[in-house]
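Me: Could you take me through a close look at the open sheet in this model, and at what packs on it? I'd enjoy one connected account.

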Amino acid sequence: MQLVQDRIESKREPVDIETPAIAITDVTKSFGPQRVLDGVSFNVRRGETLAFLGRSGTGKSVLLRIIIGLQTPDSGSAIILGTDMAHASEDAMSAARTQMGFLFQHAALYDSLTVADNVAFPLVHHRQDLSGADRRERVQMLLNEVGLEGHGNKMPANISGGMQKRVGLARALALDPVILLLDEPTAGLDPISSGEIDELILSLQHQHQMASIVVTHDMLSAKTIATRIALMNHGKIVIEGSYDKLQDSHESFVSQFLHRDS
Ligand SMILES: Nc1ncnc2c1ncn2[C@@H]1O[C@H](COP(=O)(O)OP(=O)(O)O)[C@@H](O)[C@H]1O
Ligand SMILES: [Mg+2]
């Protein structure tokens, strides 16, 4: 097991912990007349988890897509592990992307693939240097890590919503990313399953010290998993800081949000 882990990790360049892994500066993005992001700036370093909260339609998913390089900001910059995602070549962008694990909002698993094959998918595409046996070993290790030992042969349709999110998390971790981006990882789950996913995210973060962003609707989740919380409204970060800092805020939007959701 350890050997596979070493081989996986040896592919990665040494990472500078001082420089923010994610540096977003004054990003704006409009769709037609609608300004979705209106001057957003923040940094995330390795070992930190920044939680984004805000109503639907405030641009949280667009922000994640800009970080991944699937959308381009109209102005401002998204520098991810030193790569300017708006202006990088396809090769540079794709190199940066292999260092990012993401779980999209509706955790789309491939319905026709088993749990194990879903988790193996990024390895098949980006780690052709691994033998089939190494890949299977790595998949088992990932399934164990998210608490799905023994479920590899099941189909996504036959497991619970919480287990599907775990598969999505294992897949996001497959390439041993430096950056982890999770878009509403507990949406649609009951409170107990949500709590379990939060605990898992916390322990993965503790284990791997990634630079993480988690979009959530749930203040309790944010309080549990985040180092810092950013509250978004109308395309801007209204406030960013610890849960305690948010609690001390006198801004009415902030206290409304705290009281509605906590
Ligand atoms: N590709 C797109 N084309 C047009 N409008 C978009 C596109 N992507 C997102 N939007 C709009 O941007 C706004 C913010 O979307 P989104 O980031 O998904 O919000 P949320 O904060 O709920 O994740 C929404 O009004 C959405 O309709
Ligand atoms: Mg969204």
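Reply: Happy to! Two strands count as paired if DSSP finds at least two bridges between them. With that in hand, in this predicted model, β6 and strand β7 (residues 179-183) run parallel and are joined by 4 bridges. One residue pair to look for here is F102, whose bridge partner in β7 is L181.

Now for the whole sheet. The open sheet has 6 strands in the order β6-β7-β8-β3-β9-β10, and the pairing is mixed. Its edges are β6 (100-103) and β10 (236-241); each has a single partner strand, so one side of each is left without a neighbour in the sheet. On average, and with direction ignored, neighbouring strands are turned by 15 degrees against each other.

Helix α2 packs on this sheet, where it touches β3 (49-54), β6, β7, β8 (211-215) and β9 (228-233). The direction of α2 makes about 155 degrees with that of β7.

The residues around ligand 1 are F31, V36, G54, S56, G57, T58, G59, K60, S61 and V62. By class, that shell has 3 nonpolar, 6 polar and 1 charged residues.

Stepping back to the setting, the chain has 10 helices and 10 strands. Its radius of gyration is 18 Å, close to the 18 Å that the globule rule gives for 262 residues, so the chain is as compact as a globular protein of that length. Of those 262 residues, 39% count as buried.

Conventions:
Residues numbered from 1 in each chain as written. Chains lettered and ligands numbered in written order. Predicted model: local features only at pLDDT ≥ 70, side-chain atom pairs only at ≥ 80, totals over all residues. Near = placed C-beta within 6 Å. Nonpolar A, V, L, I, M, F, W, Y, C, P; charged D, E, K, R; others polar. Helix = DSSP H or I, 4+ residues; strand = E, 2+ residues; numbered from the N terminus. Rg over C-alpha atoms; globule rule 2.2 N^0.38 Å. Buried ≥ 20, exposed ≤ 12 C-beta atoms within 10 Å, placed from the backbone. Axes fitted to C-alpha atoms, helices over the stretch in contact; angles between N-to-C directions. Contact = placed C-beta atoms within 7 Å.
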